[in-house]
Amino acid sequence: MKAAVLEEIGGTPVCRDFDEPQRGPGQSLIEVTAAPLNPVDLWIASGKHHAGAPPVPSVIGREAAGRVLESDTIEEGTRVYAPVGSAGMAERLVAPDDELLELPDGVEDALAACLGVAGLAAWLALDWRGNLQDGETVLVLGASGAVGAIAVQGAKLLGAGRVVAAARSEAGLERAQQLGADATVHLDGDGDLAEALSEACDGQLDLTIDPLWGEPAAAAIQASSFGARLVQIGQSASPESTITSGAVRGKTLSILGHSNPAVPADVRQDAYRQMLRHAAAGELTVDYELLPLAQVADAWERQAASPGRKLVLAPGDVP
């Protein structure tokens, strides 16, 4: 079968022939229709991920949507989302039956796949880790990315009273407003960033969703209100941030780390189904671009440069 294969740590994957996956007990064989590319894929391939370097050669990709080809428990042809952990970017994959989630009518395979790693990072950071309460003000850093865009929509759907989107991209900020953000802040703007964030939040900031870290996180902490929470989900701006002790202690601020794999499986599955229901109702969307699997090397370079939309690879024909 054709697959996106990492041949050396730190290298760029190539599309080539690879061994067919072998289905074992309690597993299903899936025909892949959509496999999103995530920033974590690049991090893992670099060998710098906290879980360690992957074996080489190996098939990349941590998730996919597709159709069941063979299974002992699931009807053939059923559309499913598969959180496989690896080997998602291929024509076929195997995954445990109890991890597969059936997709509803009205949600395209590519959109459903985009709500996996990226969607869960946003939704769980808001709801499960951030404990968002009705009427609270939420700041979404990195709102121009897929996680940020989902977080903007998710915050509204989960009851936030005010949502502020912050990003470096003007187009991304315009998109965030279209998705429901009440105010926006340009991270590269003139003046004091903490003051700009506080003003956009009308002086009350309860919860920050932070996929950036670095200077934006430090500014968000300065702008946060007493008892606020910051959920840390990534380091797209910098792996390090300088924050003052007083800003944390004086406000009894909570800085909460989040990682999808650390969340109980039933919680992840429930959150994913919630997002699917909102997507089917037209209330939750992702700006994505579907690319042929053969273009994985190009997609990899685009992802490294922070594309303005979610990149999704499709082993079959792309419309």
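Modeller: The buried residues of helix α9 have a cover that includes β6 (79–82), β8 (101–102), α2 (109–114), α3 (117–129) and α4 (146–157). Contact here means heavy atoms within 4.5 Å, and a residue is buried under 20% relative accessible area, exposed over 50% and partly exposed in between, with a 1.4 Å probe and protein chains only. Helices (H or I, at least four residues) and strands (E, at least two) are DSSP runs, numbered from the N terminus.

This is a predicted model, in which local features need pLDDT of at least 70 and side-chain atom pairs count only at pLDDT 80 or more, while totals for chains, interfaces and linings use all residues. Residues are numbered from 1 along each chain as its sequence is written, and side-chain values use heavy atoms, with hydrogens and water left out.

The buried residues of α9 are Q269, A271, Y272, Q274, M275, L276, H278 and A279. Helix α9 comprises the 16 residues 265–280, which at 1.5 Å a residue should span 22 Å; its end C-alpha atoms lie 22 Å apart, in agreement. The expected span is 1.5 Å times one less than the number of residues. Just after α9, G282 has a positive phi of about 80°.

Helix α10 (residues 296–304) may be set beside it. Buried in α10 are V296, A299, W300 and Q303. Seen down the axis of α10, these residues fall within an arc of 105°, so they line one face of the helix; the arc is that of the directions from the helix axis to the C-beta atoms. In general, an α-helix has 3.6 residues a turn, so residues three or four places apart point the same way. The buried residues of α10 pack against β1 (2–6), β2 (14–17), α1 (39–46), β15 (288–292) and β16 (310–314).

One of these residues, Q303, has a relative accessible area of 12% and is therefore buried. Leaving aside residues up to four places away in sequence, Q303 touches L37, P39, L42 and L311. Just after α10, S306 adopts a positive phi of about 60°.

Elsewhere, six strands form an open sheet with parallel pairing, in the order β11-β10-β9-β12-β13-β14. Its edge strands, β11 (183–186) and β14 (254–257), each pair on one side only. Two strands pair if DSSP finds at least two bridges between them. Strands β12 (residues 207–210) and β13 (residues 229–232) run parallel and are joined by four bridges; D210 has Q232 as its bridge partner in β13.
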